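Hi everyone, and thanks for coming. Please have a look at the sequence and the model on the screen, and then we'll walk through them together.

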Amino acid sequence: MNRTSSSGKPQKRPNTLLGMLNILDWWLGAVEKTILAGSILAMALLMSTHVVSNLVFQQGIPGTYEVTEMLIVVITFVGVSYAARHARHISMSALYEQLSGRLRKILLIVICVGTAVLMFYFAYKSIGYVAVLHERGRTSSSLHIPMWMVYTALPIGFSLAGIQYLLTATRNLISKEIYRNFREKEEYSDVPTDD
């Protein structure tokens with residue numbers, strides 16, 4: 001059933017699936033940005049404070065390098081999801097770029113679903129790894145931070161990336177156009193131009 005606007009023109013009913021996916025995508029983006037921004041800011045602040053402390057007091061902050069390494073792990077694996085969200089990941093596109101229209105869209109959907117399955121598999125395997133770290137009680141050498149807490153970033157990052165690829169596949173299944181990620185339409189030219 002179509003709605004009518006004040007001008008009397010029929011309006012399309014909003015796609016509820018697309019609306020729910022938009023909300024999910026927005027929340028996942030907020031989680032990614034919070035984790036990444038917080039980790040990068042914490043690392044920058046910690047390293048800057050360490051350098052200043054070294055210069056002023058001739059002694060740095062103990063455990064700085066350990067915490068920095070941990071933050072790099074978090075940034076790397078949550079960054080996988082961020083790269084998938086913005087279609088800034090490495091892709092082997094020799095065959096894909098030769099196709100157009102429906103075949104191109106089908107291949108993109110297959111690639112997204114396949115990559116999502118791979119990401120969820122990695123998340124599953126990394127949960128096992130985190131469980132082993134927890135059972136063994138492994139901690140960092142100087143600060144004695146439980147390593148399982150740090151490596152929880154692996155299943156979180158892989159799961160978020162898997163969801164991003166599923167969102168892209170779903171968007172391409174329900175839309176006429178080709179989407180490189182959930183929000184961006186693909187724009188390409190058949191022949192590169194040299195200006």
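Helices here are DSSP runs of H or I with at least four residues, strands are runs of E with at least two, and both are numbered from the N terminus.

Before going on, a word on what we are looking at. This is a predicted model, where local features need pLDDT of at least 70 and side-chain atom pairs count only at pLDDT 80 or more, while totals for chains, interfaces and linings use all residues. Residues are numbered from 1 along each chain as its sequence is written, and side-chain values use heavy atoms, with hydrogens and water left out.

Back to Met149. With a relative accessible area of 48%, Met149 is partly exposed, because buried means under 20% relative accessible area, exposed means over 50%, and partly exposed is in between, using a 1.4 Å probe and protein chains only. Met149 and Val130 are 19 residues apart in sequence, and their C-alpha atoms are 8.0 Å apart in space.

Now the overall picture. The protein has six helices and two strands, and along the sequence they follow the pattern β-β-α-α-α-α-α-α. Of the 195 residues, 34% are buried. The accessible surface comes to about 13,000 Å², and 64% of that belongs to carbon and sulfur atoms; areas come from the Shrake-Rupley method with a 1.4 Å probe, and for residues only the protein chains shown count as cover. A contact means heavy atoms within 4.5 Å. Among contacts between residues at least 6 apart in sequence, 66% join residues at least 24 apart.

In soluble globular proteins, nonpolar side chains tend to be buried together. A nonpolar core, in our terms, is a set of buried Ala, Val, Leu, Ile, Met, Phe, Trp, Tyr and Cys residues joined through side-chain atoms within 4.5 Å. Which members of the largest nonpolar core touch the most other members? Among its 21 residues, they are Tyr151 and Tyr165. At least two residues of this core come from each of α2 (64-85), α4 (101-136), α5 (147-151) and α6 (153-174). The most come from α4, which gives eight.

Take a closer look at Tyr151. If we leave aside its neighbours within four places in sequence, Tyr151 is in contact with Val73, Tyr129, Val130 and Leu133. There is also a second, separate core of seven residues, including Leu71, Val74, Val78 and Ala153.

Next, a pair of helices. What is the angle between α2 and α6? They pack at about 0 degrees, with their axes 8 Å apart. Axes are lines fitted to C-alpha atoms, for helices over the stretch in contact, and angles run from 0 to 180 degrees between N-to-C directions. So α2 is roughly parallel to α6, since angles under 35 degrees count as roughly parallel, over 145 as roughly antiparallel, 65 to 115 as roughly perpendicular and the rest as oblique. Residues of α2 that take part include Val73, Phe77 and Ala84, and on the α6 side they include Ala153, Phe158 and Tyr165.

A polar atom of the Asn172 side chain lies 2.9 Å from the backbone oxygen of Thr168. Asn172 also touches Lys105, Leu108, Ile109, Glu177, Ile178 and Tyr179, leaving out residues up to four places away in sequence.

Ser175 and Leu18 are 157 residues apart in sequence, yet 9.6 Å apart in space, C-alpha to C-alpha.

Finally, two loop residues. Gln58, in the loop between α1 and α2, has a phi near 55 degrees, a positive value in a residue other than glycine. Gln58 is exposed, at 62% relative accessibility. His144, in the loop between α4 and α5, has a positive phi of about 60 degrees although it is not a glycine. His144 is exposed, with a relative accessible area of 53%.

Notes. Polar contact = N/O pair within 3.5 Å; in protein donor to acceptor, adjacent residues only side chain to side chain.
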